[in-house]
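Here is a short walk through one model. Keep the viewer open and follow along.

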Amino acid sequence: MASNKASRDGEKIWKTNIDKVNAELVTLTYGTIVAQLCSDFNSQYAEVNKQLDRMGYNIGLRLIEDFFAKSGLQRCGNFRETAETISKIGFKMFLNITPAVTNWSADNKSFSLIFDENPLADFVELPNDGRAQDELWFSNIFCGIIRGALEMVQMQVETHYVSDVLRGNDTTEMRITLLRYMEDELPPDDE
């Protein structure tokens, strides 16, 4: 899928097929969830990151069905097409943003998403405890969502943040690496 076509498709789907939710409500609700996790885990940010990833993973497992139903798209032909679809259609459909796809590895199995905007991070200041700036990935739920959604289309990926403007970096960058294509597997003892 060409990049321009993906952009047009994403814009069309956003305008015609998606029920809109107030962005500030989503932002504040998500912020409350992260704050509660920080409290529940006594500011053990590595555990908060794991929980956000786990929550996102479970969302991604279900979100992919909604994505296919509303977009009318079929599975992508390769990982480059998958990257463009995530950026220009997936993020556009659900959040009305379009992160840039960049920094492809030589083997085309790894790329970065650069976020010019992140609606989850609006109105956010990380805790000033001397650790959150180095340990908390506030929007880590996105990593889990992508991981869960791609697993449902037989792609095992690793996702992680490289930088975040909330941590004082110049950009927010997520790295996505294809580990393997998964085979359709029957459950054990199923013929």
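**A helix and its surroundings**

In this predicted model, nine of the 12 residues of α6 are buried, so α6 is largely enclosed by the rest of the structure. Here, buried means under 20% relative accessible area. The buried set holds Ile 141, Phe 142, Cys 143, Gly 144, Ile 145, Ile 146, Gly 148, Ala 149 and Leu 150. From first C-alpha to last, α6 reaches 17 Å. That is close to the 16 Å expected for its 12 residues at 1.5 Å a residue.

Now bring in a partner. Two packed helices are described by the angle between their axes and the distance between the axes. Helix α3 spans residues 45-71, and α6 spans residues 141-152. Their axes come within 6 Å and cross at roughly 40°. That angle makes α3 oblique to α6. The crossing is right-handed.

Which residues meet? On the α3 side, they are Leu 52, Asp 53, Met 55, Gly 56, Tyr 57, Ile 59, Gly 60, Leu 61, Leu 63 and Ile 64. They meet Ile 141, Cys 143, Gly 144, Ile 145, Arg 147, Gly 148, Ala 149, Glu 151 and Met 152 of α6. By type, the residues of this contact divide into 12 nonpolar, four polar and three charged.

Finally, turn to a loop. Phe 123 sits between β2 (110-115) and α5 (132-135). Is Phe 123 buried or exposed? It is exposed, because its relative accessible area is 61% and the cut-off for exposed is over 50%.

Note on methods
Residues numbered from 1 in each chain as written. Predicted model: local features only at pLDDT ≥ 70, side-chain atom pairs only at ≥ 80, totals over all residues. Heavy atoms only, no water. Axes fitted to C-alpha atoms, helices over the stretch in contact; angles between N-to-C directions. Helix = DSSP H or I, 4+ residues; strand = E, 2+ residues; numbered from the N terminus. Parallel < 35°, antiparallel > 145°, perpendicular 65-115°, else oblique. Left-handed = near helix turned anticlockwise from the far one by under 90°. Contact = heavy atoms within 4.5 Å. Nonpolar A, V, L, I, M, F, W, Y, C, P; charged D, E, K, R; others polar. Expected span 1.5 Å × (residues − 1). Buried < 20%, exposed > 50% of the residue type's maximum accessible area, 1.4 Å probe, protein only.
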